[in-house]
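Open your viewer and get the selection tool ready.

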Amino acid sequence: MIRATAWRGNLLKALANRSFLIGLIITIFLALMAALSFFWTPYAVGTFDIVGKLKPSSAAHWLGTDHFGRDILSMIMVGSRNSIAVAFVSVVIGAGIGVPLGLWAAARGGVIDEVLMRFNDLVFAFPALLSAVMITAVFGPGAINAIIAIGIFNIPVFARVARGAALSLWPREYVLAARASGKGAGRITAEHILPNMMNLLVVQSTIQFSLGILAEAGLSYVGLGSQPPMPSWGRMLFEAQTMISMAPHMALFPGLAIVITVLGLNLLGDGLRDVLDPKLRRER
């Protein structure tokens, strides 16, 4: 009963946060659009209509058509599920490997901690998009290689966040009490450290999710992301750049899709940070 009341109170606080609410609405809309595209789109994305190419927004094509006569709304809908899939799996890879590494470094300290952090610094020396371009250029373009490239960059991000949070928790009284009771470092990490840093990891995952969508669009723009016939927001922008004077809607709507999605996810992460961090709420 007490837990249910606390959960309800946290939910009400979250919904009262403007950033969280706006970000949640945008995120839910994106997820619903991606789910709907599995069952229905206004037009088949593989259907070419040369006669109807470069048409502006109309009742038949709400967002117009591209240089092949394809419906832009349908392509944005299908492209959304590709962006979500790439970003989600890359976050899972980054968190699944980075968090245990960061926790291990914080628990062991010494040489292991120093080596892991210097390796993190080495990875951070290369910009995310450049690292992804290098990996996909070596192993070839495609959604799978884009996921691996973005996921590899996420590993040191989560490792650094997890290590920093864990180091701040190890001196706490309840951790010292657990050590005094004879619990080992692994058990303390699993039972006391990790549960108390989940809020931070959730917020960081949201931020990395938005960066993953942006990175996927960037890779697709330079031809190293998802390949035809799978629609991609980044490739839609690339194809639109030569048509910008004749059909500006080809670049406008995919660009808006990327901007609104990244903005929504960042607002969601910012709102989650406000709701889940009591100290931050008091400061504001």
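This is a predicted model: local features need pLDDT of at least 70, side-chain atom pairs count only at pLDDT 80 or more; totals for chains, interfaces and linings use all residues.

Residues are numbered from 1 along each chain as its sequence is written, and side-chain values use heavy atoms, with hydrogens and water left out.

**Stop 1: a helix pair.** Select α6 (residues 143-169) and α9 (residues 198-221), which pack at an angle of about 155 degrees with their axes 10 Å apart. That makes α6 roughly antiparallel to α9 (the term covers angles over 145 degrees). Now show the side chains in contact (heavy atoms within 4.5 Å): those of α6 include I150, N154 and F158, and those of α9 include L201, Q204 and G212. By class, this contact has ten nonpolar, five polar and one charged residues.

**Stop 2: a helix face.** Next, select α8 (residues 185-193) and pick out I188, T189, H192 and I193, which are buried (under 20% relative accessible area, with a 1.4 Å probe and protein chains only). Look down the axis of α8: its buried residues fall within an arc of 110 degrees, so they line one face of the helix. Their cover includes α3 (72-108), α6 and α7 (173-180).

**Stop 3: two loops.** Go to P229, in the loop between α9 and α10 (233-240). The peptide bond from P228 to P229 is cis, with omega near 10 degrees. Finally, select L54, in the loop between α2 (18-37) and α3. L54 is not a glycine, yet has a positive phi of about 60 degrees. Most residues other than glycine have a negative phi.

Key: Axes are lines fitted to C-alpha atoms, for helices over the stretch in contact, and angles run from 0 to 180 degrees between N-to-C directions. Helices (H or I, at least four residues) and strands (E, at least two) are DSSP runs, numbered from the N terminus. Angles under 35 degrees count as roughly parallel, over 145 as roughly antiparallel, 65 to 115 as roughly perpendicular and the rest as oblique. Ala, Val, Leu, Ile, Met, Phe, Trp, Tyr, Cys and Pro count as nonpolar, Asp, Glu, Lys and Arg as charged, and the others, Gly among them, as polar. Buried means under 20% relative accessible area, exposed over 50%, partly exposed in between (1.4 Å probe, protein chains only). The arc is that of the directions from the helix axis to the C-beta atoms.
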